[in-house]
Amino acid sequence: MMSSLLVVLLAALIIPLIMARLKIVNVPTSVAEIIAGIILGKSLLNWVHPTEILNQLSTLGVIILIFLSGMEIDFSLFKKQPNNKPNAKKQISPVLIASLAMGSIIILSVGCSWVLAKLHLFNNIPLGTILFSTIALGIVIAALKEKELLSKPFGQTMLLIAAFGEIIPLLSLTLYSTLMGGDVKSLWPILLIFVVAIILLMNFRTFYHLFDKINKVTTQLDIRLAFFLVITLVAVAEHVGAENILGAFLAGIVMKLLQPKEETLDKLNSLGYGFFIPIFFIMTGAKLDLKTLLTDQKALLLIPLFLIGLIVAKLAVIPILRMRFKMINAIAGTFLATTTITLVIPVLTVGRELHVITATQSGAFTLAAVLTCIFSPILFNKFYVHEKEDIIKPVVHFLGANTVTVPIAQQLSQGLYETHLYTDRAAYYDTYQSKANVTLLPDFTTKTMNDNHVFDADIVVLGYFNHDENYQLAKMALKAKVPRIIARFETKNVANHQYDDLAAQGVEIYNTYEANISLLRSLIETPATMNILTDTVAGLFEITVNNRRFTGKEVKNLPLINQITIVQIYHDGHIILPHGDTQIHLGDHIVFTGPKNIIPQMRRIYETHN
């Protein structure tokens with residue numbers, strides 16, 4: 001009994017090492033684990049047998065895999081996205097493209113299932129439709145992360161298509177299994193699982209962030225909460241006759257909406273992908289009987305037919321993606337959308353339990369799904385080329401064109417920023433329009449600002465000398481929810497609460513007089529620091545880690561680390577004096593010294609949203 005578990009755990013440990021040694025980077029680890037299971041199971045070596053412990057761990061593996069998939073849904077994609085460029089061509093939203101793509105997938109999946117039914121090769125059209133329409137969200141996310149595309153329009157679109165390709169088949173499977181069970185009245189209790197999910201969300205939202213204050217290494221409250229949500233909703237799902245993976249998926253969505261810290265996601269991924277999920281994939285391969293399949297003439301016919309069906313069901317995605325993206329990327333995205341495995345196993349399990357499909361059909365479809373996971377990510381990586389809109393520069397809008405704002409805008413526009421200045425004074429417009437990108441506005445009313453997309457920016461700098469004017473503009477920018485607002489306050493009247501009011505709301509305030517004093521004092525007290533700041537070759541810089549690829553990495557393993565010296569790291573409001581083993585987290589601010597010529601490369605590597 002324990003020998004099979006030991007072999008599985010040893011395989012889970014060795015597989016990543018072998019892949020790293022052989023430099024296999026295009027094949028997902030999950031596929032390698034299924035292949036290892038085939039080798040170790042009844043198909044070849046027969047070293048692994050489905051014991052009770054392994055079956056239970058395998059079930060937990062698929063539950064946690066679906067839970068983590070639910071946590072990957074980015075609900076901000078469903079919000080209306082602002083257009084930072086006033087004159088930019090209006091683009092079709094990722095939500096619309098993904099909806100059209102999923103609609104086409106469902107229609108073609110029905111067609112493929114109907115053809116197979118007519119050929120008497122797979123007679124269950126509803127179950128075939130569910131199988132052909134599934135997409136492996138986890139594998140799609142991994143491929144998009146590797147290409148650093150998750151925050152880009154193409155990545156957002158593919159993420160939504162994959163999310164729909166997991167949510168809709170999952171709900172359809174629940175509906176199908178209930179109806180096939182013969183009790184239509186049992187559909188109503190299934191709504192209970194959604195009610196429980198909402199209750200859990202509303203009750204835990206109020207004090208979830210209180211966990212941070214009392215959490216410690218020996219309690220790990222965030223992880224305890226995650227497993228409580230999973231087990232609760234899985235138990236409710238099974239009690240009302242739904243599939244347990246529906247409960248797991250809803251638990252992932254609830255956890256995502258609670259807005260956990262990046263560290264919590266890291267710990268959950270470590271538990272899932274470090275232990276439970278590999279057992280699920282290895283056991284999936286171990287249970288396959290290739291000897292029987294490959295000697296069965298019908299199975300040999302079914303494998304390529306199922307594979308063709310999985311591809312044909314996604315073909316209409318090409319013209320739909322072409323509505324916004326290049327043809328080559330539409331083809332690449334369609335290859336990625338054909339990837340499926342996550343839901344295939346649970347769907348086939350339900351089919352076999354209901355006695356509507358045979359073991360031969362189940363094994364053939366599993367092999368076809370494994371083949372999509374091997375070849376689809378490879379083809380995606382081969383075909384995809386970066387779109388022009390993938391290279392997004394932070395947008396900085398200056399309100400006020402003068403001797404302070406214009407030179408800064410000129411310098412920033414030469415680097416990785418897109419700058420634009422706005423003024424309501426014709427004299428300043430005439431003076432600076434030939435030197436910078438300046439727009440003359442008739443006034444600074446809310447309507448004029450909205451019509452000209454003034455607040456559609458990542459950073460708004462309020463550069464007028466009059467602090468009363470900057471205060472009113474700052475209030476408008478706060479109402480427009482601008483991510484960063486920088487306001488100029490040359491005087492601070494102790495009887496006036498404008499300064500404190502803005503500072504309390506997160507507005508960054510600067511004063512040229514105080515800045516000059518600070519610079520002169522630094523020049524006197526720390527001349528070496530001033531030399532760094534004014535050096536034309538080297539300097540002191542700050543970058544923000546937005547790239548999830550570096551989450552959990554140690555400082556000594558970071559790219560370009562040998563060319564810079566990290567002074568300090570701001571993490572979660574605290575200053576860290578780093579050493580080689582210090583781990584980097586999403587949102588960390590790294591302050592470092594280094595040559596100025598590598599700054600653009602540093603920003604591209606670390607500040608890319610992924």
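## Strand pairing around β4

Two strands pair if DSSP finds at least two bridges between them, and helices (H or I, at least four residues) and strands (E, at least two) are DSSP runs, numbered from the N terminus. Strand β1 (residues 395-399) runs parallel to β4, and four bridges join the two. Within this pairing, H397 stands opposite V460 of β4. β4 is also joined to β5 by four bridges, again in a parallel arrangement. There, L462 has A487 in β5 as its bridge partner.

## About the model

This is a predicted model, in which local features need pLDDT of at least 70 and side-chain atom pairs count only at pLDDT 80 or more, while totals for chains, interfaces and linings use all residues. Residues are numbered from 1 along each chain as its sequence is written, and side-chain values use heavy atoms, with hydrogens and water left out.

Helix α17 spans residues 344-353, and seven of its ten residues are buried, so the helix is largely enclosed by the rest of the structure. The buried residues are V344, I345, P346, V347, L348, V350 and G351. Their cover includes α3, α5 (125-133), α7, α11 (244-257), α12 (262-286) and α18; contact here means heavy atoms within 4.5 Å. Just after α17 comes H355, with a positive phi of about 60 degrees.

Helix α6 (residues 137-146) can be read in the same way. Its buried residues are L137, I139, V140, I141, A143 and L144. Among the elements that cover them are α2, α3 (52-71), α7 (153-180), α16 (327-337) and α18 (359-383). α6 is followed by E148, whose phi is positive and near 55 degrees.

## Salt bridges

The structure holds seven salt bridges, each defined as a side-chain nitrogen of Lys or Arg within 4 Å of a carboxyl oxygen of Asp or Glu. R484 is partly exposed at 36% relative accessibility, and E508 is partly exposed at 32%.

Another salt bridge sits within a helix. The side chains of K447 and D451 meet at 2.8 Å, N to O. Both belong to helix α21 (residues 446-451), and because they are four residues apart, about one helical turn separates them. K447 is exposed at 60% relative accessibility, whereas D451 is partly exposed at 46%. T448 is also found in α21, and T448 counts as buried at 11% relative accessibility. Leaving aside residues up to four places away in sequence, T448 touches L441, P442 and D443.

E554 and K556 form a further salt bridge, with the closest N and O atoms 3.5 Å apart. E554 is partly exposed, at 24% relative accessibility. Elsewhere, D424, R425 and E469 are linked in a network of salt bridges.

## A nonpolar surface patch

Which residues form a nonpolar patch on the surface? They are L10, L13, I14, L17, I18, L22 and I24, with about 650 Å² of accessible area together. Areas come from the Shrake-Rupley method with a 1.4 Å probe, and for residues only the protein chains shown count as cover. Patch members have over 30% relative accessible area and no salt bridge; like charges are joined within 9 Å, and nonpolar side chains (Val, Leu, Ile, Met, Phe, Trp, Tyr) within 5 Å.

L22 is placed in the loop between α1 (2-21) and α2 (29-40). L22 is exposed, with a relative accessible area of 57%.

## Cysteines

How many disulfides does a search of the whole structure find? The search finds zero, using a cut-off of 2.5 Å between a pair of cysteine sulfur atoms. C112 counts as buried at 11% relative accessibility, and C373 counts as buried at 1%.

Technical notes:
Buried means under 20% relative accessible area, exposed over 50%, partly exposed in between (1.4 Å probe, protein chains only).
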